Amino acid sequence: MTLIADLSTPELAALRSSVQARYDAFRSQGLKLDMTRGKPAPDQLDLANAMLALPGNGDYFSAAGEDGRNYGNLQGLAETRALFSPILGAPADRVVVGDNSSLALMHDCIVYALLKGVPGSARPWSKEGSPAFICPAPGYDRHFAILEEFGIRMLPVAMTGHGPDMDAVEKLAADPSVKGMWCVPKYSNPTGEIYSDETIARLAALRAAAPDFRLFWDNAYCVHHLTERRNEIPNILEECERAGHPDRAFIFASTSKVTLAGAGVAFFASSAANVRWYLSSASKRSIGPDKLNQLRHVRFLRDVAGVERHMDAHRALIAPKFAAVAEALERHLAGTGAARWTAPEGGYFISVEATAGTAKRVVELAKAAGVALTPAGATWPYGKDPHDSNLRLAPTFPTLAEVRAASEGIALCILLAAIEARAVHRAESAA
């Protein structure tokens with residue numbers, strides 16, 4: 001298809017009429033489809049249904065003889081930590097197993113840092129004036145929500161296709177009020193990109209003015225591959241140790257999108273000093289996690305090979321949905337200049353950069369046609385996309401047939417919004 005920008009005024013009007021008719025036909029179907037959040041579909045959850053019978057009647061003792069029904073062991077069972085240690089890239093004695101939500105662990109680490117500081121802090125972060133975080137954008141809206149809740153300033157930096165713009169990161173980190181940075185290093189939310197070796201090395205060696213600067217390393221999608229290739233990234237703990245910053249990285253992950261989304265296990269991993277700090281603070285909040293749930297994860301997944309087999313089954317279910325979105329975008333938008341989009345090798349999202357100034361209009365058009373999308377701006381700090389262009393598509397939860405239908409509508413909405421914006425620009429230029 002010809003670039004929209006290259007069309008003559010009559011050609012643009014004809015294309016607008018044609019796309020409007022196709023959009024109206026799609027809208028007339030009265031669909032009700034949801035592409036808002038990266039939730040596992042029911043058939044993905046079914047893959048872990050055997051866990052519902054685990055650990056089993058009478059199977060409540062750990063390998064060390066601990067009674068999983070009782071209080072205690074805030075750090076988590078040794079066998080659970082050992083199972084996930086190689087996945088997290090941390091020794092088992094530097095892994096903490098929490099309950100079901102890694103987001104809760106991130107939230108608590110922020111709160112503890114604000115109230116008490118972290119190892120290396122001269123004082124609590126809340127006493128530091130106006131603490132700030134570096135926020136790669138587009139990024140994860142729930143990360144941003146935590147910071148906004150506690151009044152931590154957010155400093156957006158662009159993503160490059162290989163991770164955040166490190167020149168910008170290094171400039172921002174030279175300010176001592178900058179206390180940390182969000183990172184989703186593999187299959188980033190929502191862009192799907194993988195941090196390069198160089199990016200990770202520069203983050204580890206970063207000359208941060210704040211001596212207690214922390215990387216909040218949310219490796220949420222570390223085993224969530226969409227192809228047969230299992231992409232690997234450098235071990236951030238080892239990189240930080242080599243660079244002379246052993247306490248820099250807080251690693252987070254969970255099994256929320258591996259086993260049962262509402263009943264997984266979450267992880268915090270870091271240096272020995274950071275683990276002691278976390279456990280000391282968490283001991284005032286809890287007497288211990290759900291160890292029966294930890295046992296059933298060990299019984300079900302067994303080892304790293306078991307995790308990989310289980311994730312291969314996930315891939316078989318969701319990869320066709322990502323392919324369906326890509327096919328619709330390619331068929332309707334390729335060559336038009338209306339948008340560009342990612343082709344992720346893992347994770348849960350497809351990121352679309354629509355024509356500047358049209359993302360809100362796309363969401364509006366999609367809603368009118370019965371397709372719910374993540375609100376425009378959600379992938380930026382404070383919900384404000386400076387270009388009004390980013391769209392986060394989440395194809396996992398609907399059925400494949402629903403994804404195919406929704407993708408048709410989304411592509412038409414993107415195209416129609418781009419044509420409308422071009423028509424307005426053409427009219428303003430002529431005035």
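Predicted model: local features only at pLDDT ≥ 70, side-chain atom pairs only at ≥ 80, totals over all residues.
Figure 1. Helix H11 (304-333), strand E10 (350-354) and strand E12 (390-393) are the elements that give two or more residues to the side of domain 1 that touches domain 2. The largest share of that side comes from H11, with 10 residues. By residue type, the side of domain 1 that touches domain 2 divides into 13 nonpolar, nine polar and eight charged residues. Three salt bridges are found across the interface of domain 1 and domain 2.

Figure 2. The domain assignment gives domain 1 as residues 9-44 + 308-430 and domain 2 as residues 70-303. Their C-alpha centres are 30 Å apart. At the interface, 30 residues of domain 1 are in contact with 36 residues of domain 2. The size of an interface is often given as the accessible area lost when the parts come together. For domain 1 and domain 2 the buried area is about 2800 Å², and 59% of it is on carbon and sulfur atoms. On the side of domain 1, Met311, Glu345 and Tyr382 lose the most area to domain 2, together 23% of what that side buries.

**Figure 3. Asp141 and its two arginine partners, Arg37 and Arg392.** Asp141 forms a salt bridge with Arg392, and the closest N and O atoms of this pair are 3.3 Å apart. Asp141 also forms a salt bridge with Arg37, where the closest N and O atoms are 3.3 Å apart. Asp141 has a relative accessible area of 17%, so it counts as buried, the cut-off being under 20%. Arg37, with a relative accessible area of 27%, is partly exposed.

Figure 4. Asp167 and Arg202 form a salt bridge, with their closest N and O atoms 2.8 Å apart. This pair also links distant parts of the chain, since Asp167 is in helix H6 (residues 166-173) and Arg202 is in helix H7, 35 residues apart. Asp167 is partly exposed at 48% relative accessibility. Arg202 is partly exposed as well, at 25%.

Figure 5. Asp312 and Arg315 form a salt bridge in which the closest N and O atoms are 3.4 Å apart. Both residues lie in helix H11, three residues apart, which is about one turn of the helix. Asp312 is partly exposed, with a relative accessible area of 29%, whereas Arg315 counts as buried at 18%.

**Figure 6. A network of salt bridges.** Four residues, Arg123, Glu128, Lys179 and Asp212, are linked in a network of salt bridges. The count of salt bridges comes to 20.

Figure 7. Pro138 lies in the loop between strand E3 (132-137) and helix H5 (141-149). Another cis peptide bond joins Asn189 and Pro190, and its omega is also about 5°. The place of Pro190 is in the loop between strand E5 (178-183) and helix H7 (197-205).

Figure 8. Arg302 is not a glycine, yet its phi is positive, at about 70°. The residue lies in the loop between helix H10 (291-301) and H11. At 63% relative accessibility, Arg302 is exposed, because the cut-off is over 50%. Asp388, also a residue other than glycine, has a positive phi near 45°. Its place is in the loop between strand E11 (371-373) and E12. Asp388 is buried, with a relative accessible area of 16%.

**Figure 9. The loop that holds Arg207.** Arg207 lies in the loop between H7 and strand E6 (214-218). Arg207 counts as exposed, at 78% relative accessibility. The C-alpha atoms of Arg207 and Gly180 are separated by 12 Å, and the two residues are 27 residues apart along the chain.

Notes:
Residues numbered from 1 in each chain as written. Heavy atoms only, no water. Domains from an automatic or database assignment. Contact = heavy atoms within 4.5 Å. Buried area = accessible area lost by both parts, 1.4 Å probe. Salt bridge = Lys/Arg side-chain N within 4 Å of Asp/Glu carboxyl O. Helix = DSSP H or I, 4+ residues; strand = E, 2+ residues; numbered from the N terminus. Nonpolar A, V, L, I, M, F, W, Y, C, P; charged D, E, K, R; others polar. Buried < 20%, exposed > 50% of the residue type's maximum accessible area, 1.4 Å probe, protein only.
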